[in-house]
Amino acid sequence: MSERTCLSVILAAGEGTRMKSATPKVLHRIAGLEMLGHVTRALDGAGAGNKALVVGHGAEAVSKAAEGFAPGAETFVQSERLGTGHAVLAARAAIARGYDDVLVTFGDTPLISLEALQTLRAGLARGADIVVMGFRTDRPTGYGRLIENGEALIAIREEKDCSDEERRITFCNGGAMGIAGNRALELLEAIGNDNAKGEYYLTDIVEIATGRGLKVRAIEADYESALGINNRAELAAAEAIWQQRRREAMMLDGVTLIAPETVYFAYDTVVGRDTVIEPNVFFGPGVTIGENVTLKANSHLEEARVDAGASVGPFARLRPGAEIMDGAKVGNFVEIKKTRVEPGAKIPHLSYVGDARVGAKANLGAGTITCNYDGFSKHFTDIEPGAFVGTNSSLVAPVTIGAGAYVASGSVITESVPADALAFGRARQSNREGLGKRLRDRLAALKARRAKT
């Protein structure tokens, strides 16, 4: 298809009232990406060229979000809701520039496959003037039927207008459509609104084209490609379908999922071969995992990188900017943010490390905290290679722990520690005989007096 030009018209003007949300429907997310983003990614995979985004409700928010996943998309506003045919013509200026293929898709069909879109384009390349995406189901009630005569598609009939024989048809309208670019405007402009609602229905284009002796065909896609999302229950169902597909793809690519149904991937998660993912691991966007990594149970990762042979978790949290390098270990109840953990370094348990470097083969004891925020600014902690930080230590940034240095347990480090030095940052212990009992008695008496008042 690389030699054929293509315009993708994406209809995203629906109000989505059944979502009961201030967020425009097409901006609700599946696997961390807006539904509209899933559609544009499929279009990109199908080589579907320039994009015309037709917006209405929440136009500004939709257009702004689209900059992130569809840069360069041209936005057109459908100021009145007068049907799908009217919506497509909102992008008249783009269509008029002339393309070989014009694809019409819907922003609330996040599971549409690039294969279905490629098949639409292939039909146009073989000489069809219109190609409609359909799907088969043994429960067609509620869907428009695709009426064929041999290989020709002659009509899309809404169920209420179907004859008894037509209602038995199980080949249903999937919504997406390809139109030959040299025919697109004349056919779209021929759509009328002589119906009960006074709206312009894109589906009428099939009978118009057939009446003009043009070649109209239907292609079959899977049901999920046609699945439109109208409420949050359907959104959750689509999420489940997407996750199941992704889990299967991961396992077929050589990733071990011990309890697949409990692992949740983001749309852009990358995982290398021979990695083992234990139950209840959640991936936010922007995570890349290398080969032979172990991700232990109940861990949460977002905008992070874990390199080959590293181990993370259980109950670990990798926040944006976390880089866990080859063979490093991040253990249970450890939180890492904007930190590079270099090869062989260990943060085994119960620590927070943010805005820092943990040098190669350094070791941080339980309860190590980098105090990176002073209420106004974030500051950097540099823990150089081979350093050892004892348990329950606080490193008050900005500070450097030199290579091979030791920090005694329970220290509060406010000044840099030279390489190979031993640092004590704690007060000398002092025991006062009997003072504990006197303090306890005084507090008990105070509590009793308060109880009487």
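The model is predicted: local features need pLDDT of at least 70, side-chain atom pairs count only at pLDDT 80 or more, and totals for chains, interfaces and linings use all residues. Residues are numbered from 1 along each chain as its sequence is written, and side-chain values use heavy atoms, with hydrogens and water left out.

**Helix H5**
- The buried residues of H5 include Ala-116, Leu-117, Leu-120 and Arg-121 (buried: under 20% relative accessible area; exposed: over 50%; partly exposed: in between; 1.4 Å probe, protein chains only).
- Among the elements that cover these buried residues are helix H1 (35-45), strand E1 (6-12) and strand E7 (130-136).
- Gly-127, which follows H5, has a positive phi near 110°.

**Aromatic pairs**
- The whole structure holds five aromatic pairs (ring centres of Phe, Tyr and the six-membered ring of Trp within 6.5 Å; planes under 30 degrees apart are stacked, over 60 edge-to-face, the rest tilted).
- Phe-315 and Phe-333 are stacked, because their ring centres are 4.9 Å apart and their planes are at 10°.
- Phe-315 is partly exposed at 42% relative accessible area, and Phe-333 is partly exposed at 47%.
- One aromatic cluster is formed by Phe-135, Tyr-143 and Tyr-223.

**Charges over rings**
- The charged end of Arg-136 sits over the ring of Phe-171, 4.1 Å from its centre (NZ of Lys or CZ of Arg within 6 Å of the ring centre and within 35 degrees of the ring normal).
- Over the ring of Tyr-264 sits the charged end of Arg-247, 4.9 Å from the ring centre.

Key. Helix = DSSP H or I, 4+ residues; strand = E, 2+ residues; numbered from the N terminus. Contact = heavy atoms within 4.5 Å.
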